[in-house]
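Okay, thanks everyone, let me put this one up on the screen. I'll go through a few residues and then the core.

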Amino acid sequence: MAIPNSCFLPLVALPLLYWGFNLLKRQPKETKLVFYVHDYLSGHDTSAITVAGKDWPQASVLHFGTMVAVDDPVTESPDPKSKEIGRAQGMYINSQLDGKGLHLMFSVIFTHGEFKGSTLEIQGADLFAMKEREFSIVSGTGFFRFVKGYGIMTTHFIDIPNLKAILKLHVTVKHY
């Protein structure tokens, strides 16, 4: 004897309703982080390199159109010898005609500590003449799966002649 199709509706609908209701009840967690990115375009500890620009290979990151690839150390404190908790890998391009603004696109890859194996994807403008710059956290993996958030970047240290900077990032993210 065949089971009528109307019997299958509750068998499918009830689990879907239960799952949907419980998903809506879940509240995202908020995580706040502070870390430092050491961006060095010169010296024995170079972590960034110009890969394109108007006057390449002598292009300066301070000139419009210059693109830089980075693999910067991420540490717990501004001291370059402090514990490294990850790497900031990606690129930035000087995207402002007067040379005073960058567009950032990089991953913070956590290699040590509580978030080891997780990443945060950062994207946004860096008008580096400003004291504080806000950027977007657009994605993440591991602990930060389904993340959304923002960060505030400040320049902790800058040495323009030698193209070295230490950036402090305050990050606030929501995730499940």
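So, start with Ser-47, which is buried at a relative accessible area of 10%; buried is under 20%, exposed is over 50%, and partly exposed sits in between, with a 1.4 Å probe and protein chains only. Before I go on: this is a predicted model, where local features need pLDDT of at least 70, side-chain atom pairs count only at pLDDT 80 or more, and totals for chains, interfaces and linings use all residues. Numbering runs from 1 along each chain as its sequence is written, and side-chain values use heavy atoms, with hydrogens and water left out.

Back to Ser-47: you'll find this residue in the loop between strand E1 (29-40) and strand E2 (48-52). Strands here are DSSP runs of at least two residues, numbered from the N terminus. What does the side chain of Ser-47 make a polar contact with? The side chain of Asp-72, at 2.6 Å. By polar contact I mean a pair of N or O atoms within 3.5 Å; within protein, one must be able to donate a hydrogen and the other to accept it, and residues adjacent in sequence count only if both atoms are side-chain atoms. Leaving aside neighbours within four places in sequence, Ser-47 is also in contact (heavy atoms within 4.5 Å) with residues including His-38, Tyr-40 and Pro-73.

Over in E1 itself we have Tyr-36, buried at 9% relative accessibility. Among the residues Tyr-36 touches, again not counting those up to four places away, are Pro-73, His-156 and Ile-166.

Next, Asp-98, in the loop between strand E4 (84-94) and strand E5 (102-110). Asp-98 is partly exposed at 48%. Its side chain has a 2.9 Å polar contact with the side chain of Gln-96, and a polar atom of the Asp-98 side chain lies 3.0 Å from the backbone nitrogen of Lys-100. C-alpha to C-alpha, Asp-98 is 8.8 Å from Leu-62, though they're 36 residues apart in sequence. Leu-62 is partly exposed too, at 34%.

In soluble globular proteins, nonpolar side chains tend to be buried together. A nonpolar core here is a set of buried Ala, Val, Leu, Ile, Met, Phe, Trp, Tyr and Cys residues joined through side-chain atoms within 4.5 Å. The largest one has 30 residues, and Phe-35, Tyr-92, Phe-110, Leu-120, Leu-169 and Val-171 touch the most other members. Elements giving two or more residues to this core include E1, E3 and strand E9 (164-175).

Key. Helix = DSSP H or I, 4+ residues; strand = E, 2+ residues; numbered from the N terminus.
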